[in-house]
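Please look through the sequence and the three-dimensional structure before reading on. The briefing below takes a few topics in turn and describes each one in plain terms.

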Amino acid sequence: METHSHAEGETNVHALITEINGQVALFRDLLIHIGTARDCPEMREKVRKLRRTCVDACRHTSQLLLPQIRSAVAEGIPADHPHLVLLFFMCQLFIRELAKCSRLVQLMPMDMTGYFENRAGPSNLGNVISQILLCKTIAPDFNQEEIHSIAKDTQELSRIVSEMQEFIPQQDSSIERAEALIAENGQQKDRKKKRRNSLYRNVGSFCCICRPNFL
């Protein structure tokens, strides 16, 4: 029974990882169109909703994975979980996309007045209180709220990444440098060998077409 439950949990996590991967890819694709002819209030709202959905999915998946891995490590089982590694790198990639999104919103703000005229904005609680106290309608500043919300999401994801970092397998950087040096030396030797062969071929050709002076 426990084995069946574990397998089911693995399947759910795998599905979540696949979903997050697709969401990050779609989010990056949407950002490409900011500032182009396809940019519009509807697309900005789609970017906002996808961002929130992806952050929630990353948080939920980490909450499923981390307790299991902490328990395994406490029992002396090495932490080598491919799903955690995938989530770790996808969160890092998503953080970079969030930084890009924040800069784009600042550089190319979108007028959302008409879009949210009869709807609640991304976070309308403060505006509702202001309306009650001041007895007037205050339009939400979508762009400023987006910048603030992106900053909060970035902090949340950075916290998740920091928690996962402890259980990510570390690769010896000295080995990486040695392998890089070996590869580079091999490439240099190949280039030198090719130059020598080319030189010999050229010299050989030159000798063949040159006629000796004593003939």
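The model is predicted, and the values given here were computed from it.

**The cavity**

- The structure holds 1 cavity of 30 Å³ or more, and the space in the largest cavity comes to about 30 Å³.
- Seen from the inside, the lining of this largest cavity is made up of Ile34, Arg44, Val47, Cys101, Val105, Phe142 and Glu146.
- Two or more residues of that lining come from each of helix H2 (41-74), helix H3 (82-107) and helix H5 (142-165).
- When the lining residues are sorted by class, 5 are nonpolar and 2 are charged, while no polar residue takes part.

**Glu146, a residue of the lining**

- Glu146, which is one of the residues lining the largest cavity, has its place in helix H5.
- The relative accessible area of Glu146 is 2%, and because buried means under 20%, Glu146 counts as buried.
- If neighbours within four places in sequence are left aside, the contacts of Glu146 are with Arg48, Arg51 and Val105, and Val105 is itself named among the residues that line the largest cavity.

**Arg59 in helix H2**

- Arg59 is found in helix H2, and its relative accessibility of 23% makes it partly exposed, since that class lies between the limits of 20% and 50%.
- Although Arg59 and Leu157 are 98 residues apart along the chain, their C-alpha atoms are separated by 7.7 Å.
- With neighbours within four places in sequence again left aside, Arg59 is in contact with Arg52, Glu156 and Ile160.

**The cysteines**

- How many disulfides does the model contain? The count comes to 0, where a disulfide would need a pair of cysteine sulfur atoms within 2.5 Å.
- Cys58 is a case to check against that cut-off, as its nearest cysteine sulfur belongs to Cys91 and lies 3.9 Å away, and Cys58 is in no disulfide.
- Is Cys58 buried or exposed? With a relative accessibility of 0%, Cys58 counts as buried.
- Cys40, by contrast, has a relative accessibility of 25% and therefore counts as partly exposed.

Key
Residues are numbered from 1 along each chain as its sequence is written. This is a predicted model: local features need pLDDT of at least 70, side-chain atom pairs count only at pLDDT 80 or more; totals for chains, interfaces and linings use all residues. Side-chain values use heavy atoms; hydrogens and water are left out. On a 1 Å grid over the protein atoms alone, a cavity is a set of points where a 1.4 Å probe fits but cannot get out, and a pocket is an open set with protein on both sides within 12 Å along at least five of seven lines; lining residues have an atom within 4 Å of a point. Grid points are joined across faces, edges and corners, and a volume is the space filled by probe spheres set on the points. Helices (H or I, at least four residues) and strands (E, at least two) are DSSP runs, numbered from the N terminus. Ala, Val, Leu, Ile, Met, Phe, Trp, Tyr, Cys and Pro count as nonpolar, Asp, Glu, Lys and Arg as charged, and the others, Gly among them, as polar. Buried means under 20% relative accessible area, exposed over 50%, partly exposed in between (1.4 Å probe, protein chains only). Contact means heavy atoms within 4.5 Å.
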